[in-house]
Amino acid sequence: MLFKRVKPLDQILATAEKKALTRQLGAFQLTMLGIGAIIGTGIFVLTAEAGQKAGPGMMISFVIAAIVCALAALAYAELASMIPVAGSAYTYTYGVLGEGMAWVVGWALVLEYTIAASTVCVGWAGYVNGLLAHAGYGLPEFLRTGPMDGGTFNLLAFLIGIAITLLLIMGTSKSAKVNTFLVIIKVLALTAFIFVALPAVKDANFKPFIPNGWGSPMGGIGVLGAAASIFFAYVGFDAISTAAEETKNPNRNIPIGLIASLGVCTIYYLLVSYSAIGSIGAEPLVGPDGVAFQPGTPEMAAACKGSEALVCSREALAHVLRVLNHNQLGNLVGLAAGIALPSVILTMTYGQTRIFFTMARDGLLPSGLAKIHPRFHTPHVITLVTGIFVSIFGALYPVGQLADITNSGTLFAFIMVAIGVMVLRVTQPDRKRPFRTPLVWIVCPLAVLGCLLLFVNLPLKTMEVFFGWGVVGLVVYYLYGHRKSHLANGTEPT
């Protein structure tokens, strides 16, 4: 049943033209969109999470995650250039493996985009709360974090989610221009951090290099556990593919945006993480049994009370600079993060709304969700609904748990994309491919295996959430989408 109702690629393209979004984004804007999504909470905040899981060995974790993402990016580039419409992995799966599997992927992408946006809301709030506290205007403790981090309601995380939602409703073009400005600020902040922290690197801070070992399946700790978590730091590149339907000359610009943004961000990640570890150290906190605490748990929060360790900081890069007695620069980096991290929230929320828009256009979700605002020309209904959920999750959950949940949905989607590329090479070998994945029968299987390796190294609780969410999705599909889809009923939107 899951593999039936395959929607022909030509029909997907024709459907998009009947109820299309305006093409207004070029290669530069797409690259900025990708960098805006990739460089964010992953490096500004999750450096501390990775340090707790792998210690200095997180350097290897960054490399592993980058390699897996690069393999997946090559697969994404081929499909995005072939099928330049909104919907990302959901649309690709619909045209290759069928409606049921497409629904499963689209449902999993909620974990990638909505929860990712919530993750960044929490990361942004950590930096801004730190700035306010250093300026003497800190919020009450119960409004700084969610219940699992010792607070009650993360007020700033909630407010930034709502603000970004309103910006997206106002229009894609306006959002892209704001995003480009924020990306420039973010890159300048990371560059300044590297110039100051790199000279302070000491060899002793890298010993022991792998204090928690390589990790174990469903353990969430060690080098592979850290790689599974900080995979989040790279995944923004695929948000570019969700913008395909709003891209000018997508056959050329989508591959450029994907590969350029991933390359730039990988270089920055390695330099920043090396500087942070080497300058002040990144040793994990362990319990009486010698086992490292799992980030994002009450036990970790209790162990971090009063600690100045990097692994405890909610504003990792600013914290490093303050420890190095560069207080003013630390505040400036914190300010830059406060200004620039919303670009990631913007990109992730944008990606989610376009996926929902496409699913509603296919009849798998109520058609009212795909309504276009008469003035702003954006899918305002689904944008508002998505933004509310982004804000609520950000207000209640810790950054580490949100990041791991995001990764579970992302890794699954990447696996399906790589499989889709291989299937199409066999079933439609003559179809025009403006970008061809090189060494496809090596790259795509390695992408699948790499994603599986990281998936099984996520914490057990995360995997329970992923499969539980999947079961709920199947119930929703069989109660609504299976009966209402346009492909099933032989109807298309006009």
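Close-up 1. C312 is buried, at 15% relative accessible area, where buried means under 20% with a 1.4 Å probe and protein chains only. C304 likewise counts as buried, at 15% relative accessibility. This is a predicted model, in which local features need pLDDT of at least 70 and side-chain atom pairs count only at pLDDT 80 or more, while totals for chains, interfaces and linings use all residues. Residues are numbered from 1 along each chain as its sequence is written, and side-chain values use heavy atoms, leaving out hydrogens and water. The sulfur atoms of C304 and C312 sit 2.1 Å apart and form a disulfide, that is, a pair of cysteine sulfur atoms within 2.5 Å. The link is left-handed, with -80° about the S-S bond, and the structure holds one disulfide.

**Close-up 2. The cysteine C451.** C451 counts as buried because its relative accessibility is 0%.

**Close-up 3. F231 in the largest nonpolar core.** This core has 148 residues, and I39, F44, F231 and Y234 have the most contacts inside it. A nonpolar core is a set of buried Ala, Val, Leu, Ile, Met, Phe, Trp, Tyr and Cys residues joined through side-chain atoms within 4.5 Å. Leaving aside neighbours within four places in sequence, the contacts of F231 include A65, V68, C69 and L454; contact means heavy atoms within 4.5 Å. Apart from this core lies another, of six residues, among them F293, M300, C304 and C312.

**Close-up 4. The largest pocket.** Have a look at the opening of about 1100 Å³, lined by 42 residues, with T145, C304, C312, S313 and R314 nearest its centre. On a 1 Å grid over the protein atoms alone, a pocket is an open set of points where a 1.4 Å probe fits, with protein on both sides within 12 Å along at least five of seven lines; lining residues have an atom within 4 Å of a point. The volume is the space filled by probe spheres set on the points, which are joined across faces, edges and corners. Helix α7 gives the most to this lining, with eight residues; helices are DSSP runs of H or I, at least four residues, numbered from the N terminus.

**Close-up 5. L424 beside V96.** L424 is found in helix α18, residues 399–427, and counts as buried at 1% relative accessibility. L424 and V96 are 328 residues apart in sequence and 6.8 Å apart in space, C-alpha to C-alpha.

Conventions. Buried means under 20% relative accessible area, exposed over 50%, partly exposed in between (1.4 Å probe, protein chains only). Helices (H or I, at least four residues) and strands (E, at least two) are DSSP runs, numbered from the N terminus.
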